[in-house]
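Here's a quick briefing to read alongside the coordinates. Have the viewer open and follow along.

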Amino acid sequence: MTENKNKKPSLTDWQQLATKELRGKPLSDLDRATYEDITTKPLYTSQDLEGIEHHQSLPGFEPFLRGPRATMYAGRPWTIRQYAGFSTAKDSNAFYKKNLAAGQQGLSVAFDLATHRGYDSDHPRVIGDIGAAGVAIDSVEDMKILFKDIPLDKVSVSMTMNGAVLPVMAGFIVAAQESGVAIEQLNGTLQNDILKEFMVRNTYIFPPAPSIRIVSDIIGFTAQNMPKFNPISISGYHMQEAGATAVQELAFTIADGLEYVRTAIDRGMQVDDFAPRLSFFFGIGMDFFMEIAKLRAARLLWSQLMEEKFSPKDPRSKMLRTHCQTSGVSLTASDPYNNIMRTTIEAMASVLGGTQSLHTNAFDEALALPSEFSAHIARNTQIVLQEETGITRVVDPLGGSYYVEALTNEIATKARALILEVEELGGMTKAVQEDMPKRRIEEAAALRQARIDRGEEVIVGVNKYLHDDGNEIDVLSVDNAQVREAQIERLTQIKNTRDNKACQKALNALKTGAENDANLLELSIEATRARASVGEITATLEQVFGRYKAINSTISGVYGSVYEGDEEFEKIKVEIDRFAVETGRRPRMLIVKMGQDGHDRGARVIATAYADLGFDIDIGPLFQTPAEAVRQAIENDVHMIGISSLAAGHKMLVPALMDELKQQEASDILVICGGVIPPKDHQQLLDIGVAAIYGPGTNIPKAAREMIQMIKQNATT
Amino acid sequence: MEPLANGILSGNRRALSKAITLVESTRSDHRQQADDLLARLMPHTGNSFRIGITGSPGVGKSTFIEAIGETIIARGQKLAVLAIDPSSARSGGSILGDKTRMESLTQNERAYIRPTPAGKTLGGVARRSFETMLLCEATGFDVVMVETVGVGQSETRVADMTDMFLLLLSPGGGDELQGIKRGIIELADLLIVNKADGTQEALAKKTASDYRNALKLLRPRHATWSPPVATCSALEGTGIADLWNSISKYRQFVENNDVHDPQRRKQMRTWMWSQISEGLIEALYKEKTMADLISKTEENVYEGRLPASTAANRLLQTFLGIEK
């Protein structure tokens, strides 16, 4: 250094030095545009904080940017809350008890998709779903088994339930009461965030308006009877999983929250009676500082917007408390041990962002539901962070960082603009009805998928540093059919032994209550006590509200636009054009989602991508049965059926579809599978005639070329 | 083609689907097979009521078809729906998402839904849809609906090949009146303002009355039929039964007033001509000696060196062997 020792180097000095290091290239070469449309610079200084005030605030005080509690983890670390459900209530119960003994502080229940959608296990539409992605619950008797010997007055219970919230929450309450725990002692969280279901996850049952009413009925009931219970967990997680950017996730989640508050107030509640018990749930992906900034910005925005819109008196009404989960989509099926590192990094971001509780994913979740071994590693990831790293010693340790504070501010500003857009449409219910959030998220997802396929975004082991040692890891598998039989047996037994008259009377009261303005949770509790099943309660409400059918607009062009001018991409398009000339039409593929698995991001991104390549793509309705899918394939005379499966339903549904094709004499239609399918199931699927299996991280243009070959070969044999 | 024809006549869904693929194929040998098939089936066609439906994207066409389709089926009839989806101009591919919005029809044994990518030539779509309609009739469907997105000239074509043409509208005042081409309104035999539910109900009624007024200034398609304007909510199912009554009334009207047969005869003539024009264009493209001239002339027009009309004339004259 040749500078004068007394003179402090200025920003200009740094710029000169930096340019020199870059050997003449402009400094702006180091700027990076993120998916959020935020441009990061290589250096942040105090100048970037000019005009920003919030970082001067203190934790525990408004706007809570630095944390909702004054002492944060220095006082008590975050709650380790692992989400899990194993097929049957009995297995899940054993798993929960073991985890509680191993240091987990709260438990979190994953239900199977049949339960989510309000079907009993004996319903013909859900054959492939029973016990596949979580625990099957048909009645309060299942609930009692689920929580057997777990002290519900002490352990907090989080339930991921949105569609069938009424019978499930009622089952939880009645099970607790019948085991001697008073209702006011119960603590935990119900997800109960139906708006996001209409945007991304699709495990809704009723149309938006009655669904929102149910949410506010539950908020009203808990405000009166369950002071320690969080009646809703306003969730951005599933948006991120569906491909939302950090700004979209934040904005749509906060806008959902505002909508729930508005609905509750409209139904006659006082904001301070319920707002302090609203909780949030965010997903945390690999963009480390972005995620930290997102959580800080979330607290800032919630505090500001609650003040602006509802002027609560209780500061806790403006305090955003959140659960976080590390990202599921960031996990890869190839080289899966890398996922342990990914999860660790995401867990750190959650903690540095100041989460109140955390779920860390198991490394094999891109392949199957977690095994006992992978769940153990996932939990220990958090214990190591809490007890070995010293991270918990200081509140908001990144507070005051030029970069993190500037980024927090930028995310908050961008999210606020998007929230305003939603509010101008008339709030989230309206925006959802117009399909706006879903379309935006899909555009972001398609863009990202294209960038990954082009290698512009690096995913180690997927599009760079590929590594295949041939070792397969042991994953959990579920015997669907057996679980289903056991469930049906118990259900039949309950129906045979209950007082049917009393049960019917309670269901009638529920129906009348739905037609009028009664609190539906109260009535569902009575029906549940009378041994009405989850399916019966739902069917009763369905008579009044109807079952919702999704609007499904699709986007196009986003995926292809990233490949603008790409030689390889153009080549495949030419190949497809040639195929069209040779055979008289374009390759036509039906993309189906069977069973109750509503995660359609993968299916929809793929639809867009293949259409942009020149395929004609048919999309089946959600929740199809194998027979319905085959009928559609036949009617549309497609070359190929692409099955997207993410929730372990493939073992029963794919063979059922192959059988149906055979029965309809349509086995000439090719079948391929995509999504989360454990490698050890591949051979079995190939044996029954599946032509190919494409897991997460498949390069779409490459797969398209293979598919064209398959179709051509199939036509000649 | 005999097995396929027999399959269709016995009401086989798979046979119908394969036949539609054949009709839609761009290959000339397929074209010939399709002609052969249609010739065999002609005596068994003509028995359905043919309805064309159009409306801007987002107006709720699929939801509407689902609702009215249920009514039709409930009355014991069989319904085929042919949905024409726009293709992406850039890739040529398309996403055909219609069935996702007609969930209950897709599960009904008496319904058949076939989405078709529009492809690049609009005229071709009309020819293929017309032939597909005939195939559906031979399979035994009582009502055939052809749905198009209201974006351009395909409406005229669809109106030209159906017995009745429905225009679906959203609640919302004059803006849309301006947006929809007057020509399309003139084609409609029945106008329907959908989404008359919840907070939009009053607006829908007002929109309907606006259209009623506007229609007074237009010339109706048939001198003795003034197109009614109705409201409905396909989502909630209100007004749907009444609409089916209006449709049936129109059907009676055309059949009793000697409108039906001449219209159908005219349509057959149109079909012939659309085949001719399509065949000519195809022949022009396929003529190897023309390829060079076509690409040169195209370039000249593109670069502004040659007026389009001169270029077209020159190409036609060369192709047809007419010397100046």
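**Surface, fold and cavities**

Chain A exposes about 27900 Å² of accessible surface, and carbon and sulfur atoms own 51% of that. Keep in mind that this is a predicted model. Below is the rest of the picture, sorted by topic.

**Overall build**
- Chain A carries 28 helices and 16 strands.
- Its radius of gyration is 26 Å, close to the 27 Å that the globule rule gives for 717 residues, so chain A is as compact as a globular protein of that length.
- Along the principal axes, the C-alpha atoms of chain A fill a box of roughly 90 × 70 × 50 Å.

**Burial and contacts**
- Of the 717 residues in chain A, 61% are buried.
- Take the contacts in chain A between residues at least 6 apart in sequence: 78% of them link residues at least 24 apart.

- The largest cavity has a volume of about 110 Å³.
- Its lining is made up of 16 residues, and the ones nearest the centre are A:Q82, A:Y83, A:F95, A:P370 and A:A375.
- Three elements of chain A each give two or more residues to that lining: β3 (79-84), α3 (89-101) and α14 (372-388).
- What's the lining of the largest cavity like by class? It has eight nonpolar, six polar and two charged residues.

How values were computed:
Residues numbered from 1 in each chain as written. Chains lettered and ligands numbered in written order. Predicted model: local features only at pLDDT ≥ 70, side-chain atom pairs only at ≥ 80, totals over all residues. Heavy atoms only, no water. 1 Å grid on protein atoms, 1.4 Å probe; cavity = no way out; pocket = protein on both sides within 12 Å on 5 of 7 lines; lining within 4 Å. Points joined across faces, edges and corners; volume = space filled by probe spheres on them. Helix = DSSP H or I, 4+ residues; strand = E, 2+ residues; numbered from the N terminus. Nonpolar A, V, L, I, M, F, W, Y, C, P; charged D, E, K, R; others polar. Rg over C-alpha atoms; globule rule 2.2 N^0.38 Å. Buried < 20%, exposed > 50% of the residue type's maximum accessible area, 1.4 Å probe, protein only. Contact = heavy atoms within 4.5 Å. Areas by Shrake-Rupley, 256 points an atom, 1.4 Å probe, with all protein chains shown as cover.
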